[in-house]
Amino acid sequence: MAHVLIAARDGLHELEARGTIAVEHAGRDVTHITSGGGERWAILDGSEIWRTTEGEWRHVGDLGDARATCLADTWEMLAGASEARLFRVTDVGAGPIDAFDRAEGRSTWYTPWGGPPDTRSISEWDDDVYVNVHVGGILRTDDRGASWTPTIDIDADVHQVTTAEGMVLAACAGGLATSLDRGATWTFRTDGLEAPYSRAVAVCGEAVLVSASNGPRGGHAAVYRGDLKGGGFERCRDGLPESFDDNVDSYCLDAPPDGSFAAFGTSDGLVFGSEDAGSSWTELASALPPVRRVLVLP
């Protein structure tokens with residue numbers, strides 16, 4: 001089994017080959033975990049950014065008054081933050097990307113509840129980096145952050161962006177959006193989704209996995225499997241409950257691109273894994289705190 005890292009409010013849990021669980025950062029609220037350059041990176045308590053160096057964790061920086069929301073290894077490590085901010089992170093700290101603060105359309109970004117929007121997810125393919133703002137669509141840069149181009153319609157209500165083989169995929173309130181032209185045009189896929197409100201997306205080999213539910217408060221939530229290239233979705237049933245009450249949230253569903261393993265976690269502390277790209281699932285852990293992030297490492 002691949003190593004599965006689970007970010008939770010009581011630490012970073014790692015599921016090992018024989019099902020045992022190791023915990024790092026015990027007692028700390030781990031809100032995000034990613035990998036880059038052969039090392040692991042994490043957000044602790046919503047503000048501190050940590051990384052491993054030769055297997056040892058160390059604190060590399062904070063985002064000041066901003067709340068860190070996500071990390072991604074692109075041309076360098078990027079951190080998304082509250083109030084739709086974006087930061088470069090190095091071994092000596094973090095600094096804002098000023099051009100992102102001036103991105104076209106920023107004045108129209110919003111949240112349904114009236115608060116400021118957040119940078120929610122980040123992905124990249126070759127020189128293109130895609131940054132998802134909730135609610136503000138997806139912005140693309142191909143010049144290392146010097147300029148930013150809006151892509152999908154803001155009201156698509158994107159919850160997670162990812163990439164594969166030059167494709168851009170986005171879990172949205174109205175289903176899975178896909179683009180084959182770097183975000184210039186989009187097609188929505190909803191066939192087979194019993195409820196279209198999508199929160200998480202992961203590419204697993206030739207398959208794409210999507211979580212979907214009735215809406216922001218969940219209800220009839222499930223994970224679905226489809227062909228990466230197109231077509232309808234099939235609900236994942238083998239080894240899983242009939243449905244989940246709450247959403248399988250952004251970044252709580254993950255798989256390496258080679259399709260060797262997939263995993264997802266839930267707000268009631270369950271973690272499931274699949275060795276066949278989502279066709280069947282096995283419960284890997286239970287009784288954990290609410291899962292904030294799942295990362296599968298080969």
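Which residue in S28 does Ala7 stand opposite? Ala7 stands opposite Arg293 in S28. The model is predicted, with local features requiring pLDDT of at least 70 and side-chain atom pairs pLDDT 80 or more, while totals for chains, interfaces and linings use all residues. Residues are numbered from 1 along each chain as its sequence is written, and side-chain values use heavy atoms, without hydrogens and water.

**Sheet**

- An open antiparallel sheet is formed by four strands in the order S3-S2-S1-S28 (strands are DSSP runs of E, at least two residues, numbered from the N terminus; two strands pair if DSSP finds at least two bridges between them).
- Its edge strands, S3 (21–24) and S28 (293–297), each pair on one side only.
- Strand S1 (residues 3–8) is joined to strand S2 (residues 11–15) by five bridges, and Ala7 has Leu12 as its bridge partner in S2.
- Five bridges also join S1 to S28, and these two strands run antiparallel.
- In S28, five of five residues are buried (under 20% relative accessible area, 1.4 Å probe, protein chains only).
- Arg293, Leu295 and Leu297 point one way from S28, and Val294 and Val296 the other way.

**Aromatic contacts**

- The structure holds six aromatic pairs (ring centres within 6.5 Å, the six-membered ring being used for Trp).
- Phe100 and Trp148 are edge-to-face (planes over 60 degrees apart), because their ring centres are 5.0 Å apart and their planes at 80 degrees.
- Both Phe100 and Trp148 are buried.
- Phe244, Phe264, Phe272 and Trp281 form one aromatic cluster.

Key: Buried < 20%, exposed > 50% of the residue type's maximum accessible area, 1.4 Å probe, protein only. Phe/Tyr/Trp six-rings, centres within 6.5 Å; stacked < 30°, edge-to-face > 60°.
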